[in-house]
Amino acid sequence: YHCHVTDVLHVQMGMYGLVVVKSHNGTHFTAWPGGPAYHDYRNWLMSEVDTFWHNHIPVHDTIADTMHIDPYHPSHFLINGRGGSQLFTDDSIKVAGSQNETIFIRTANIGYTTNRIIIPSWLGSKVVDSDGRALPAMVNTDTVYVMPGERFGLFLEPLVQGIDTILVEYLDMNTGEVLHTSKIPVNIDGIFGIKESHSFNQLKLFPNPTTAGRFSLINEGKHMVSKVEVYNATGALVFAQKINSRSREIQVEFEPASSGVFVVCVTGEKNRQASLRLVINH
């Protein structure tokens, strides 16, 4: 929804949102009454903000009944009002689930760019509805274009376990130029059967995302950390280091062959283990 009075400006002021009407069928959700069932869902409302438009009230010509507005140059690209590293910490945005379960993603574009959503093929993506209307048949695709004002419902039906990222690109509607790319983390039952676990209290990675394999293991609980291992998206061990430290901050540095999503496995006292997602951007 958005205001229909000078709506172009009001969207830049944050006057918009998403209204979702769910259909419930017994103990399972369905995409619509009598439609296909899903186990979990995410709602993605995509938008942008031009800070100049947002911070400056346009001049209203009362004689010609027009407004003089500067060219649109968005500097913030959002999903549910969040962007950048916030996408990796917001449970309402990032994708997590189990193999052989269906995740329903409702996408909507309230911005002024074209959104191109690129989904890893192993997630089994299907378009099931358009603008709230069921399609005659589901469309198998790993790339979905969402124009301003459009809405699409997507089913993810992963048959395997893994971690990855979904890309949301913001394209200039006139030139097709990619203005920005947002990355949404995906974790389907963790990787190689290990679920992400936080069995150590107050244990986290910083910065995350990071670059060139440099990060700190923040150990606020001052647990004994004996070993740190890093695995890539295929489950291969790419780094291992013995630590034996209770330091609050433990520095880790390695040289990944590529960017992507990794799993950092931490081993401590009595073989306690924790696994944390790490995103590396070159």
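How many bridges join strand 19 to strand 22? This is a predicted model, in which local features need pLDDT of at least 70 and side-chain atom pairs count only at pLDDT 80 or more, while totals for chains, interfaces and linings use all residues. Residues are numbered from 1 along each chain as its sequence is written, and side-chain values use heavy atoms, with hydrogens and water left out.

**View 1. Strands 19 and 22 run antiparallel.** Strand 19 (residues 225-231) is joined to strand 22 (residues 260-268) by 6 bridges; strands are DSSP runs of E with at least two residues, numbered from the N terminus, and two strands pair if DSSP finds at least two bridges between them. Tyr 231 stands opposite Val 263 in strand 22.

**View 2. The rings of Phe 104 and Phe 155 form an edge-to-face pair.** Their centres are 5.2 Å apart and their planes stand at 80°, where rings pair if their centres lie within 6.5 Å and planes over 60 degrees apart count as edge-to-face. Phe 104 lies in strand 9 (residues 103-109) and Phe 155 in strand 14 (residues 151-156), so the pair ties together parts that are 51 residues apart in sequence. Phe 104 is buried (under 20% relative accessible area, with a 1.4 Å probe and protein chains only), at a relative accessible area of 2%, and Phe 155 is buried at 1%.

Conventions
Phe/Tyr/Trp six-rings, centres within 6.5 Å; stacked < 30°, edge-to-face > 60°. Helix = DSSP H or I, 4+ residues; strand = E, 2+ residues; numbered from the N terminus. Buried < 20%, exposed > 50% of the residue type's maximum accessible area, 1.4 Å probe, protein only.
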